[in-house]
Amino acid sequence: RAPPPAPRAAPRLVALGDRYLAAVGGCDDVFGRAETQPTVELFDVCTGNWTLLDARLLYPRTTAAAVAVDAERLLVVGGAPSLASGEIFQVQVPAGGDGAGT
């Protein structure tokens with residue numbers, strides 16, 4: 001199994017259907033200076049591969065609340081740095097995937 005494309009701390013992991021796990025936001029810690037991340041990565045449980053999605057969160061977030069709305073959308077709310085906002089994130093299933101719910 002491949003490691004995630006980007007090392008990070010405090011992402012939120014959300015199941016999408018029965019095939020994918022989404023790692024949402026988080027932060028990297030570069031020389032003691034944490035940078036919050038706007039990224040979402042998908043883990044395909046069938047292939048064991050990670051994919052860094054092109055689409056980004058509206059705001060970089062770490063320690064946010066995240067839940068699957070359905071097999072292709074995430075609701076992401078709050079998180080550091082002291083965000084009082086939420087967004088619906090549309091997941092782009094990688095090419096070759098049968099859809100997040102398969």
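Colour the protein chain by secondary structure and follow the elements from the N terminus: they run β-β-β-β-β-β-β-β-β. The protein chain has 9 strands and 0 helices, where strands (E, at least two residues) and helices (H or I, at least four) are DSSP runs, numbered from the N terminus. The model is predicted, and local features need pLDDT of at least 70, side-chain atom pairs count only at pLDDT 80 or more, and totals for chains, interfaces and linings use all residues. Residues are numbered from 1 along each chain as its sequence is written, and side-chain values use heavy atoms, with hydrogens and water left out.

**The whole chain**

Display the accessible surface next. For the protein chain this surface comes to about 5500 Å², and 57% of it belongs to carbon and sulfur atoms; accessible areas come from the Shrake-Rupley method with a 1.4 Å probe, and for residues only the protein chains shown count as cover. Of the 102 residues of the protein chain, 32% count as buried. Here buried means under 20% relative accessible area, exposed over 50%, and partly exposed in between (1.4 Å probe, protein chains only). Among contacts in the protein chain with a separation of 6 or more, 47% join residues 24 or more positions apart, a contact being heavy atoms within 4.5 Å.

**Salt bridges**

How many salt bridges does the structure hold? There are 4 salt bridges, each defined as a side-chain nitrogen of Lys or Arg within 4 Å of a carboxyl oxygen of Asp or Glu. Side chains of opposite charge can pair when their charged atoms come close.

Select R19 and D44. The closest N and O atoms of this salt bridge are 2.7 Å apart. R19 lies in the loop between strand 1 (12-16) and strand 2 (20-24) and D44 in strand 5, so the pair ties together parts that are 25 residues apart in sequence. Both R19 and D44 are buried, D44 having 8% relative accessibility.

Move to E87 and R61, whose side chains meet in a salt bridge at 3.2 Å, N to O. E87 lies in strand 9 (residues 86-90) and R61 in the loop between strand 6 (49-52) and strand 7 (65-70), so this pair ties together parts that are 26 residues apart in sequence. Both E87 and R61 are buried.

Then select D70 and R73, which form a salt bridge at 2.9 Å, N to O. D70 is partly exposed at 32% relative accessible area, and R73 is partly exposed at 31%.

**Cysteines**

Select C27 and C46. C27 is buried at 14% relative accessibility, whereas C46 is exposed at 58%. A search of the whole structure finds 0 disulfides, a disulfide being a pair of cysteine sulfur atoms within 2.5 Å.

Which residues make the nonpolar surface patch of about 370 Å²? Select V67, V69, L75, V77 and I88 to display it. Patches are made of residues with over 30% relative accessible area and no salt bridge: like charges are joined within 9 Å, and nonpolar side chains (Val, Leu, Ile, Met, Phe, Trp, Tyr) within 5 Å. Strand 7 and strand 8 (73-77) each supply at least two residues of this patch. V69, in strand 7, is partly exposed at 39%.

Now select F89 in strand 9. F89 is buried at 4% relative accessible area. Leaving aside neighbours within four places in sequence, the residues in contact with F89 include V40, L53, L57 and L74.

**Backbone geometry**

Finish with the backbone. Most residues other than glycine have a negative phi, and most peptide bonds are trans. The A80 to P81 peptide bond is cis, with omega near 10°, and P81 is in the loop between strand 8 and strand 9. S82, in that loop, has a positive phi near 50° and is exposed at 76%. T63, in the loop between strand 6 and strand 7, has a positive phi of about 55° and is partly exposed at 41%.
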